[in-house]
Amino acid sequence: METELGFKAALAEAQKGSDEGGVPIGAALVNADGKVLGRGHNMRIQRSSATLHAEISALENAGRLPAAVYRGATMYTTLSPCDMCTGACVMYKVKRVVIGENKTFVGGEDYLKEKGIEVVVLQNKECQELMKKFIKEKPDDWNEDIGEDG
């Protein structure tokens, strides 16, 4: 149930980002009891932000939480987290990261595992299709988002 709820929230956020013309990546932070604490989507394009990736947005929307809450939490994200978002998950010692897909991009999964964080990859087709469409339509925006030259 928790996986379904958290992943559905992240996927809904990715779709929202897509509908807004942004990078279609969503995330949700869910506590050990299965409650969504915060959810968000990549808003780099919409807000002209250098750092507002989906996982950062979800953490921001969760607000300030005690360290123990993060240690029992799961971060759901529709795409393998970049180094910045991986670092945020490591810093707050989230228990688990559930990834919608990593065919489009592989981020810091190995580092998460090295730090004792459980990593689950779903290879969800809907996540893959959202990214495929975005990259085809906006390759320069995609390259900018992952810190690559066009």
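1. In this predicted model, helix H3 (residues 54-62) packs against helix H5 (residues 83-91) at an angle of about 35°, and their axes lie 8 Å apart. On the H3 side the contact is made by Glu-55, Ile-56 and Leu-59; on the H5 side it is made by Met-84, Cys-85 and Ala-88. Sorted by class, the contact of H3 with H5 has five nonpolar residues, one charged residue and no polar ones.

2. The largest nonpolar core has 25 residues, of which Ile-25, Leu-29, Met-75, Val-97, Leu-112 and Trp-142 touch the most other members. Two or more residues come from each of strand E1 (26-30), H3, H5, strand E4 (96-99) and helix H7 (125-137). The most is given by H3, with four residues. Apart from this core lies another, of nine residues, including Leu-11, Ala-14, Val-30 and Cys-127.

3. Met-75 deserves a separate entry. Leaving out residues up to four places away in sequence, Met-75 touches Ala-27, Ala-28, Leu-29, Glu-55, Ala-58, Leu-59, Cys-89, Arg-96, Val-97 and Val-98. Of these, Glu-55 and Leu-59 also take part in the contact of H3 with H5, while Leu-29 and Val-97 are, like Met-75, among the core residues that touch the most other members.

4. The structure holds one cavity of 30 Å³ or more. The space in the largest cavity is about 100 Å³. Its lining has 14 residues, and those closest to the centre are Ile-25, His-53, Ser-80, Cys-82 and Asp-145. Ile-25 is also listed among the residues of the largest nonpolar core that touch the most other members. H3 and helix H8 (139-145) each supply at least two residues of the lining. By class, the lining divides into nine nonpolar, three polar and two charged residues.

5. Ser-48 is not a glycine, yet has a positive phi of about 50°. Ser-48 sits in the loop between helix H2 (44-47) and H3. Is Ser-48 buried or exposed? With a relative accessible area of 69%, Ser-48 is exposed, because the cut-off for that class is over 50%.

6. The other entry is Gln-123, a residue other than glycine with a positive phi near 50°. Gln-123 is placed in the loop between strand E5 (118-121) and H7. The relative accessibility of Gln-123 is 27%, so Gln-123 counts as partly exposed.

How values were computed: Residues numbered from 1 in each chain as written. Predicted model: local features only at pLDDT ≥ 70, side-chain atom pairs only at ≥ 80, totals over all residues. Heavy atoms only, no water. Axes fitted to C-alpha atoms, helices over the stretch in contact; angles between N-to-C directions. Contact = heavy atoms within 4.5 Å. Nonpolar A, V, L, I, M, F, W, Y, C, P; charged D, E, K, R; others polar. 1 Å grid on protein atoms, 1.4 Å probe; cavity = no way out; pocket = protein on both sides within 12 Å on 5 of 7 lines; lining within 4 Å. Points joined across faces, edges and corners; volume = space filled by probe spheres on them. Core = buried A, V, L, I, M, F, W, Y, C linked by side-chain atoms within 4.5 Å. Buried < 20%, exposed > 50% of the residue type's maximum accessible area, 1.4 Å probe, protein only.
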